Amino acid sequence: MTSRLNKTEKIVISIVTYGMAVLTVILLFISGFRPAGLVFLALGLPLILVATTLKLTGCIILALGTSAVALPFLVFELHAPDLFLAFVAMSLAIGGGIGLINQRHEERKERWRRAKTLDDRFDDQIFESALDIIHFVDKEGTVLKRNESSRSVLSYPTKRTLQLSEYVHPDDIDQIKGELLRLFERGEVRDIKLRFISQDKKIIPVELRATRVNERVGVMHARDLRRQVELERQLMETEARYRYLIEEAVDTLDSGIIISDKKQQVVWANKTIGEFFGIDRDRLIGIEIHRAFDRYVNVFEDSQELRARVEEAITTRARIDPYTCHVRPSMGREERVLEYRSIPIETERYKGGRIEHYIDITKIKQLEEGLLEKTRNLEKSNEKLEQFSHVVSHDLKEPLRTVEAFSGYLLEDYRDKVLDEEGIDMVTRMHRASGRMRELIDDLLNLSSIRMDRASFERVNVQKVLEEVKDDLEMRLRGVNLQIDEDMPTVKGSRIRIAELFSNLITNAIKYNDKALPTLHIGWLRDSKNKGMCTFYVKDNGIGIEGRYQERIFAIFEKLNPREDYEGTGAGLAICKRIVEEHKGEIWVESEVGKGSTFYFTIPTVDARREVETNA
Ligand code: ADP
């Protein structure tokens, strides 16, 4: 019943009861009835009664007050000061004892009352089954109520009240106290990372957030981070392992690599960078990429231009595609030619980072230069050789013409006058030989004059070219079965030379043919156009060529058959080869002795896009 009274009601009841007790004692004294036991009883009983409603401090004041009232009765009326001291001791003992018990009881009830209020606000079931550790705490950090997670994780006895200092890691106590203050000031705190200690002394890392429920109570949610921390630790371990592996791998590369992160700080520079630039690569790591670049840019011959490019690329997050830079030799640094690339990292995780990549191309450059030099020399000597053969052939023709002409006159005008049978034979042979020599020289001159400039190439309608060739060879083609595909493609090249090429191959196909009806087929391979070159072929049913000669026949003056059987100098296929090669094509033969041969060659096609435009 007393618990339902408020503080003022209790004080009023105490004063009234006590007043009545004092009045009773005074009345007894006035009536002359004055035994010491009665005084004890009259003042002690109400003291006990009133004390049951008061806390410790109130009780002590009351006991002292009662003693003050008892003083005149016990000392002056009964003349017993020792009784008075006994009364004081009794009053303090009874009052203090009862007050102390009351106070404890009140506190417990208050806690229970607060917790009860909280129950009204939070559904108990949700509260109990929550995965987070939930504590209702007061301003001092005393846990007023806690849930199942708290009990199972921290495992302190359920009935006991928990204090901050018991379950928070000693190193984090100051932090939590500060947060508690902030909680009651601001109403909320969050993202606090600290450690709890369980009853069995396990450290539990938690992430804490708390909200204020009223001016005395707050609710704390703590997420157990043990699993997350363990995962993070494992991840860090794995990452460290891979990082180590990657760093080792990158260090063994011949290329120089510098990696920077999204904050544009260098996170790695490999060993080769140190070698290339003659610097301590560790001095680049951890600093900003611009500053790192400043530390080695001076080793380049064209440092200013490179600096401008790099700065622009870093600012605009663009890539730098192969850029050739020259490293100046110095102490601890070799002269090098490097191919530099700077590539922004595009993956989600490292976006904003870059890879600077330097490849040593010194040897390639040296080889390239050597090769260029050799090609230039080769071209020069080829040119000289061609000039030489042209001049020689040309000069040879003059005396040859004289020999041929005079041997002709001899045979015509002096056959019967000065020459006997043997002499006529000798002069006839001399005349024929000089004729053949003229043909050889003509072929040689023709071969050495085949020089084509790709810029002069034109669109060549092969169908039309073949019609013209057919007309030119009309006499030879009599009695020959010649088939030409009707959809011959248009190519890019020299029209005259392509005509000469077909003409030579057709002539050979007729010449080296022993069949009653020589049959020729000229066509092209339809699947050959895709690589920019078209493959044509000239197929015959002639005598064929043995496998071992199929390459030799393309050399100049190479003849397989006796001159008496087949006329010709042996230069025709060499000229064909030269024409095809000047078109950057190839020529080859497939043949079977007695059955026939097929000569293939490739010529560049006309750019398909342009062809469409031209036709339109
Ligand atoms: P030639 O002036 O002797 O015809 P080519 O260079 O044109 O010289 O040919 C070289 C040799 O290749 C010929 O002597 C011949 O033996 C052989 N040859 C060329 N074309 C054919 C062919 N269609 N069939 C068989 N043999 C051929």
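This is a predicted model: local features need pLDDT of at least 70, side-chain atom pairs count only at pLDDT 80 or more; totals for chains, interfaces and linings use all residues.
**Entry 1: helix α17 and its surroundings**

I began with helix α17, residues 572-582, and looked up how it sits against helix α14, residues 421-448: the two pack at an angle of about 10°, and their axes are 10 Å apart. Since angles under 35 degrees count as roughly parallel, α14 is therefore roughly parallel to α17. I then listed the residues that make this contact, and found Asp443, Asn446 and Leu447 on the α14 side, with Ala574, Ile575 and Arg578 on the α17 side. Sorted by class, the contact of α14 with α17 has three nonpolar residues, one polar residue and two charged residues.

Next I asked myself how many of the 11 residues of α17 are buried. I found that eight of them are, so the helix is largely enclosed by the rest of the structure. The buried residues of α17 are Leu573, Ala574, Ile575, Cys576, Arg578, Ile579, Val580 and Glu582. Ala574, Ile575 and Arg578, which I had noted in the contact with α14, are among these buried residues. When I looked up what covers the buried residues of α17, I noted that the cover includes α14 together with α13 (362-413), α16 (495-511), β16 (587-592) and β17. After α17 comes Lys584, and I recorded that its phi is positive, near 60°.

**Entry 2: aromatic pairs**

I turned to the rings, for which the count comes to 17 aromatic pairs. One of them is formed by Tyr296 and Tyr358, an edge-to-face pair with 6.2 Å centre to centre and 85° between the planes. This pair links distant parts of the chain, as Tyr296 is in helix α11 (residues 289-296) and Tyr358 is in strand β10 (residues 354-360), 62 residues apart. I checked accessibility for both partners: Tyr296 counts as buried at 2%, and Tyr358 is buried with a relative accessible area of 0%.

I also looked up Phe536 and Phe601, which form a stacked pair, 5.7 Å centre to centre and with 25° between the planes. Phe536 lies in strand β15 (residues 533-540) and Phe601 in strand β17 (residues 596-604), so this pair ties together parts that are 65 residues apart in sequence. Both Phe536 and Phe601 are buried.

**Entry 3: positive phi values**

Most residues other than glycine have a negative phi, and I therefore kept a record of exceptions. Asp191, found in strand β3 (residues 188-197), has a positive phi near 55°, and it is exposed, with a relative accessible area of 57%. Arg317 is not a glycine either, yet its phi is positive at about 55°. Arg317 is placed in the loop between α12 (303-316) and β8 (320-327), and at 51% relative accessibility it counts as exposed.

**Entry 4: Ile94**

Last, I looked up Ile94, which is found in helix α4 (residues 81-121) and counts as partly exposed at 24% relative accessibility. The C-alpha atom of Ile94 is separated by 6.9 Å from that of Ile48, a residue 46 residues apart from it along the chain.

Definitions and conventions: Residues are numbered from 1 along each chain as its sequence is written. Side-chain values use heavy atoms; hydrogens and water are left out. Axes are lines fitted to C-alpha atoms, for helices over the stretch in contact, and angles run from 0 to 180 degrees between N-to-C directions. Helices (H or I, at least four residues) and strands (E, at least two) are DSSP runs, numbered from the N terminus. Angles under 35 degrees count as roughly parallel, over 145 as roughly antiparallel, 65 to 115 as roughly perpendicular and the rest as oblique. Contact means heavy atoms within 4.5 Å. Ala, Val, Leu, Ile, Met, Phe, Trp, Tyr, Cys and Pro count as nonpolar, Asp, Glu, Lys and Arg as charged, and the others, Gly among them, as polar. Buried means under 20% relative accessible area, exposed over 50%, partly exposed in between (1.4 Å probe, protein chains only). Rings of Phe, Tyr and Trp (its six-membered ring) pair if their centres lie within 6.5 Å; planes under 30 degrees apart count as stacked, over 60 as edge-to-face and the rest as tilted.
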